[in-house]
Amino acid sequence: MVAKASRLPPASLQLEVGESVLSEFIQIERRGAVQVIRLNRPEKKNAITRDMYSAMAKALIDGDEDEAVRCHVMLGVPGIFSAGNDMGDFMAIATGQAGGNEVFDFLQALAQSKKPLVSGADGIAVGIGTTIHLHCDLTFATPQTVFHTPFVDLGLVPEAASSLIAPASLGAQRAFALLAMGEKLPAQEAQADGLIYKLVEADALETAVFEAAEQLAAKPPQALAIARDLIRGPREPVLERIREEGEHFKARLKSDEARQAFMAFLSRSRTK
Ligand SMILES: C/C=C/C(=O)SCCNC(=O)CCNC(=O)[C@H](O)C(C)(C)COP(=O)(O)OP(=O)(O)OC[C@H]1O[C@@H](n2cnc3c(N)ncnc32)[C@H](O)[C@@H]1OP(=O)(O)O
């Protein structure tokens with residue numbers, strides 16, 4: 001259990017919240033030319049609600065449009081990157097009480113981001129808490145980080161174009177083990193597989209992330225943008241896969257298999 005106080009952002013960070021705060025659980029901070037998007041809902045293991053997706057999408061789009069922003073950083077808090085989509089929200093979508101497009105709007109913004117993305121993950125990284133990093137140019141993780149995508153166990157399917165991106169770096173069989181079997185992937189293996197850039201100790205994570213982000217922010221932006229586009233490759237197949245997965249995902253959310261899995265988690269949580 002990590003003490004709540006240690007999950008607060010460093011006091012040295014200047015907090016600049018825009019006019020409309022879409023979610024109290026997403027902190028948008030500006031650190032020079034680096035925009036920091038921090039998931040900060042530790043009491044729910046940084047589970048991501050629809051408002052949180054909207055806040056992150058807006059930050060990415062606004063930061064892309066702002067010439068003063070040269071790099072985006074995505075962080076969680078010590079011990080927790082994210083436990084993935086909020087299960088209560090999944091249930092609300094499954095029962096027709098909510099629409100649920102926010103996650104796909106966020107994924108479109110993420111996949112199309114114009115500025116370099118650097119992420120840092122420590123500890124829990126489940127579902128979209130894993131797949132976000134597939135869109136980041138540099139991901140730092142700690143030895144305690146475990147990536148886990150239990151989509152099929154939840155009656156769901158892979159998202160974030162992970163069914164396209166993961167096989168390309170892991171090979172088909174290891175991608176299948178990760179995305180379909182729901183096998184956990186420790187950060188050490190993720191690094192060996194080329195899914196993440198560097199492993200650093202937890203107390204050095206944010207320093208490493210900010211150093212890399214500041215390095216990128218100081219580079220000639222046009223040359224960096226062209227190099228990045230070439231390295232990332234065409235966006236259309238990625239966006240198309242996000243859409244294709246999204247169609248299946250939305251249908252699966254309303255399936256009996258998914259509803260039972262959400263119910264099991266939510267009732268387990270209530271009786272814990
Ligand atoms: C498009 C996106 C797709 C996806 O992201 S699919 C993936 C969806 N996510 C998951 O399947 C993960 C669900 N969560 C878990 O399995 C566990 O949690 C963890 C392994 C991540 C952590 O376990 P532990 O350390 O034992 O913590 P705890 O007691 O389960 O959780 C602490 C509080 O956090 C809430 N919470 C955790 N994950 C979620 C979630 N995803 N949605 C909503 N709430 C969540 C719990 O309920 C509880 O809350 P309370 O203290 O009030 O009982």
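The radius of gyration is taken here over C-alpha atoms, and the rule for a globule is 2.2 Å times the number of residues to the power 0.38. The model is a predicted one.

**Exercise 1.** Determine whether the radius of gyration of the protein agrees with that of a compact globule.

*Solution.* Step 1: for 272 residues, the rule gives a radius of gyration near 19 Å. Step 2: the protein has 18 Å, which agrees with a compact globule. Step 3: the span of the C-alpha trace along the principal axes is about 50 × 40 × 35 Å. Step 4: of the contacts with a separation of 6 or more, 72% join residues 24 or more positions apart.

**Exercise 2.** Describe the burial, surface and charge of the protein.

*Solution.* Step 1: 50% of the 272 residues are buried, that is, under 20% relative accessible area. Step 2: the accessible surface is about 12,800 Å², and carbon and sulfur atoms contribute 55% of this surface. Step 3: there are 29 positive and 35 negative side chains, with the centres of the two sets 3 Å apart.

**Exercise 3.** On which side or sides of helix α5 do its buried residues lie, and against which elements do they pack?

*Solution.* Step 1: in α5, residues 162–170, the buried residues are Ser-162, Ala-166 and Leu-170. Step 2: these residues lie on the same side of α5, because their arc around the axis is only 30°. Step 3: an α-helix has 3.6 residues a turn, so residues three or four places apart point the same way. Step 4: the buried residues of α5 pack against α4 (128–131), α6 (172–179) and α10 (236–253). Step 5: just after α5, Gly-171 adopts a positive phi of about 90°.

Technical notes: Residues are numbered from 1 along each chain as its sequence is written. This is a predicted model: local features need pLDDT of at least 70, side-chain atom pairs count only at pLDDT 80 or more; totals for chains, interfaces and linings use all residues. Side-chain values use heavy atoms; hydrogens and water are left out. Buried means under 20% relative accessible area, exposed over 50%, partly exposed in between (1.4 Å probe, protein chains only). Helices (H or I, at least four residues) and strands (E, at least two) are DSSP runs, numbered from the N terminus. The arc is that of the directions from the helix axis to the C-beta atoms. Contact means heavy atoms within 4.5 Å. Accessible areas come from the Shrake-Rupley method with a 1.4 Å probe; for residues, only the protein chains shown count as cover. Lys and Arg count as positive and Asp and Glu as negative; His and the chain ends are not counted. The place of a charge is taken as NZ of Lys, CZ of Arg, CG of Asp or CD of Glu.
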